[in-house]
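The sequence and structure come before the text.

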Amino acid sequence: MIERPDRTPLPRDFFDRPVLEVAPDLLGRTLVRRTDDGPIELRITEVEAYAGELDPGSHAFRGRTARNAVMFGPPGHAYVYFTYGMWHCLNLVCGPEGRASGVLLRAGEVQVGAELVRPRRISARNDKELAKGPARLATALAVDRTHDGTDVCAGPDGLLSVLTGAPPTPEQVRNGPRTGVGGDGANHPWRYWIDGDPTVSPYRAHTPRRRAT
């Protein structure tokens, strides 16, 4: 029997914990994006943890900037960044205010509002690919830099919120190296996913970008 997802919103205290506790605990939670056309809901199936100034792979490793300011708190807010000149990625800020850390949402299963997502994800071969990967997830939810700093604990009228959902059992959770991270942060096993879930994105090691000559 499939467990019915719990519709209780996650409180701010959930996010006010160390990132390596929050990241795996986000698996199976229900992420809600409210749009003018209706709600979109997805079950989070894959995440990556980033530990701020302690983590060479984090945007906040070298300190606070205008771009990463949201990562420094308070917890329970969205950090949205623009990458490769074309994609957005959605993170959830966690840990105590003043110490940057966040969880990148890498993949999820769209459970409500797939009809709203498909026109934005026309390259998806099926609904399992609608939010399979961090850029695809943000595209599916119509999230961009205007949503940077959104309070996901603001209540039922907020643009984004996270519900308790249906977390997997500990035996279903796997972890390994983060995707596409190079340098000193490459080997941190801070990517977490639900084992066997078809919406989880494939692992890809970091490939250095060629410099223009």
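The sections below take the cysteines, the aromatic pairs and the charges over rings in turn.

## Cysteines

The model is predicted. Searching the whole structure turns up zero disulfides. A disulfide needs two cysteine sulfur atoms within 2.5 Å. For Cys 89, the closest cysteine sulfur belongs to Cys 94 and is 17 Å away, too far for a bond. Cys 153 also has its closest cysteine sulfur in Cys 94, here at 12 Å, and this again is too far for a bond.

Cys 89 is buried, at 5% relative accessibility. Cys 153 is partly exposed, with a relative accessible area of 22%.

## Aromatic pairs

There are two aromatic pairs in the structure. In one, the ring centres of Phe 14 and Phe 15 are 5.1 Å apart and the planes meet at 80°, so the pair is edge-to-face. Phe 14 has a relative accessible area of 9% and is buried; Phe 15, at 1%, counts as buried too.

Tyr 79 and Tyr 81 have ring centres 5.7 Å apart, with planes at 40°, so this pair is tilted. Tyr 79 is buried, its relative accessible area being 3%, and Tyr 81 is buried at 12%.

## Charges over rings

Phe 14, paired with Phe 15, also has Arg 17 over its face, at 4.6 Å from the ring centre.

Definitions and conventions:
Residues numbered from 1 in each chain as written. Predicted model: local features only at pLDDT ≥ 70, side-chain atom pairs only at ≥ 80, totals over all residues. Heavy atoms only, no water. Buried < 20%, exposed > 50% of the residue type's maximum accessible area, 1.4 Å probe, protein only. Phe/Tyr/Trp six-rings, centres within 6.5 Å; stacked < 30°, edge-to-face > 60°. Lys NZ or Arg CZ within 6 Å of the ring centre and 35° of its normal.
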